[in-house]
Amino acid sequence: MNVKDKVVEIIAEQAMLEPSDVTMDSTPEDLGIDSLGLVESIFSIEEAFDISVPFNANDPTESDFDISTVGRIVEGIEKLIAEQKA
Amino acid sequence: MNRVVITGAGTINPLGQSVPETQEAMREGRCGIGALEFRDVERLAIRIGGQVKGFEPDSVFNRQQLALYDRFTQFTLLAARQAVTQSGLQFIGELADRSGVILGTSGGGLLTQDENYRAVYEDGKNRVHPFVVPKLMNNAAASHVSMEFNVKGPSFTVATACASSNHAMGQAFMMIRSGLCTAMITGGSESMLCFGGVKAWEGLRVMSKDACRPFSATRNGMVQGEGAGVFVFEEYEHARARGAEILGEVIGFAMTSDAADIVMPSRQGASRAISGALKDGRIARDRVGYINAHGTGTAANDKTECAAVADVFGTHADDLMISSTKSMHGHLIGGTGAVELLACLMALNEGVIAPTIGYEEPDPECALDVVPNTAREAEVDVVLSNAFAFGGLNAVLALSRA
C-alpha cells in the first residue's frame with residue numbers, strides 16, 4: 001500500500017467513513033475530525049510509518065506541519081518519510 | 001453557617017520550600033521551570049518542567065518512612081508540617097475527632113508505579129518491594145497526614161485532575177461551614193515528573209518545549225510542575241478564641257461539570273463555576289480585585305477562561321487583575337490550586353499581585369489585565385482561584401481578609 005492510500009485509510013477509520021469518501025480536498029472539519037481526533041490520526045500515522053510528525057495541538061495552524069487538507073497531510077508525510085528514512 | 005478561616009499554610013514547589021520563599025519568588029516573578037533531570041529524559045520530546053530541586057528526602061525522612069512515602073506523600077508531609085506548625089493546633093481529644101484531612105492529587109504515587117513497572121517489565125524482575133501498593137495509592141498522603149497529626153475525623157482524597165486541590169479545599173470548607181468539623185488539613189500534591197508521566201502528557205501534544213506563557217499570543221502549551229500546598233482551615237470562632245493568626249477567610253465555593261468534552265474546556269461550565277462561587281459567598285462582582293487564573297498556557301484554556309471571566313464580570317472584567325502563576329511554577333496538576341492559593345493569600349495580606357511571566361505579546365482573545373511580567377502593588381478585597389479540569393470538572397474558591 002502506498003503512502004497516500006495508507007494515510008487515507010487511517011483518516012477514514014478515524015472519521016468512521018469508507019476510504020472512498022475521503023478526497024484529497026477534504027479538510028479534517030469536512031470529515032468531522034476534531035482536534036482530539038486529529039491528534040489520534042497523527043499518532044496512527046506516526047506508528048504506521050515509524051516517523052515523528054511535528055504537530056502541536058494547541059494551534060494546529062501554527063505547526064510546522066500542514067493539516068489543512070488530506071492532500072496536504074499526504075504531501076507532508078511523504079516529505080517526512082523521505083527526510084527521516086534517508 | 002460557620003465562617004471558615006485559614007490559620008496555617010505550607011508548601012514545597014519549584015519556587016521554594018516554604019511559603020515565604022514561594023511568595024518572594026512570586027513577587028520577583030522568578031521562574032522555577034528548567035531542564036528536567038531523571039532517567040531516560042533524553043527519550044522525551046518535552047524536556048522542561050517545574051521540578052523541585054535541592055530537596056534531599058534522606059535528610060527529612062528515615063529509611064522506614066522512605067519505604068512508604070512516594071514523592072507526592074513526601075511533599076504533602078513537608079507542606080502539612082509547616083501548615084500545622086503555623087496554625088499552632090494540636091489535634092487531641094474532641095478536636096482530633098472533629099478534624100479531618102482532605103487532599104487532592106491526580107496521579108498519586110505515579111513515580112512508584114513508574115519505577116516498579118520498569119522493574120517488572122523492562123528489567124524482568126519477578127519481585128517488588130512489599131509496600132508498593134500502600135506507597136502508590138492515591139490516599140496514601142492523606143492517610144499519612146492523619147497519622148502524623150492524630151487527625152481522626154473525615155479524611156479522603158479527591159481526584160479531579162487539574163481541579164483536585166480546589167475540589168479538596170472546597171470540601172474542607174463545606175465540612176467546617178456546615179458544622180461537621182472544626183478544623184481541616186487540606187490542599188493537594190502532585191509528582192508525575194518521571195519518564196512515564198511526561199511521556200503520557202507528550203502524547204496529547206499540548207506541552208510546550210520552551211516555556212509556559214499564559215495569555216501571551218506567543219504561547220505554545222503547558223509545562224508540568226510538581227509539589228504540594230497544604231493549609232489548615234479552621235472554624236472562625238475557634239480560631240479567634242485561641243488568638244490564632246488568620247491568613248484569610250474562605251467565603252465562597254462552587255463546582256460545575258461541563259458535561260461536554262473529555263478534554264476541551266467549556267466557557268459556560270467555567271462561567272457557571274465563577275458566578276456560582278460569587279453567589280455562594282453573596283459577593284458583589286465589583287468586590288473581586290484579583291483572580292488567580294487556571295491559565296495553563298494552552299490555546300483552548302486561556303481563550304475560554306478569559307471569555308468566561310468577561311461573561312461573569314461584564315465591564316468590571318476590565319478593572320480586575322487576573323494572572324497565572326503557572327508561568328513560574330508550571331502546572332502542578334492535582335496540587336496546582338493549593339500552590340496557587342498562596343498567590344491569593346499574598347494578594348490579600350501583602351497587597352502584591354503575582355505576575356504572569358513570559359508574557360510577550362497581547363492576544364486579542366485574552367484582552368484582560370493579566371499583570372504581565374512584573375508583580376504589582378494593589379489593595380484587593382476579594383480574590384478568586386479558578387481550576388478547570390480535564391473531564392470538564394470545575395471548582396472556584398473565593399477568599400477575603402477575615
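**Packing between domains and chains**

Tutor: About 4600 Å² is buried between domain 1 of chain B and domain 2 of chain B, with 69% of it on carbon and sulfur atoms. Buried area here is the accessible area (1.4 Å probe) that two parts lose on being put together, summed over both. The model is predicted: local features need pLDDT of at least 70, side-chain atom pairs count only at pLDDT 80 or more, and totals for chains, interfaces and linings use all residues. Residues are numbered from 1 along each chain as its sequence is written, chains are lettered from A and ligands numbered from 1 in the order in which they are written, and side-chain values use heavy atoms, with hydrogens and water left out.

Student: How many salt bridges and polar contacts link the domains?

Tutor: The rule finds 5 salt bridges across the interface of domain 1 of chain B and domain 2 of chain B, each being a side-chain nitrogen of Lys or Arg within 4 Å of a carboxyl oxygen of Asp or Glu. The same interface has 19 residue pairs in polar contact, both residues at pLDDT 80 or more. A polar contact is a pair of N or O atoms within 3.5 Å; within protein, one must be able to donate a hydrogen and the other to accept it, and residues adjacent in sequence count only if both atoms are side-chain atoms.

Student: Turning to the two chains, how much area do chain B and chain A bury?

Tutor: They bury about 800 Å² between them, 47% of it on carbon and sulfur atoms. In this contact, 12 residues of chain B meet 10 residues of chain A. There are 8 residue pairs in polar contact between the chains.

Student: What about salt bridges between chain B and chain A?

Tutor: The rule finds 1 across that interface. B:Arg205 and A:Glu46 form a salt bridge through their side chains, at 2.6 Å from N to O.

Student: And which residue pairs with A:Lys6 in a salt bridge?

Tutor: The partner is A:Glu9, at 3.1 Å from N to O. A:Lys6 and A:Glu9 are separated by about one helical turn because they are 3 residues apart in helix H1 (residues 3–15) of chain A.

Student: How many salt bridges are there over all chains?

Tutor: The count comes to 29.

Notes:
Contact = heavy atoms within 4.5 Å. Helix = DSSP H or I, 4+ residues; strand = E, 2+ residues; numbered from the N terminus.
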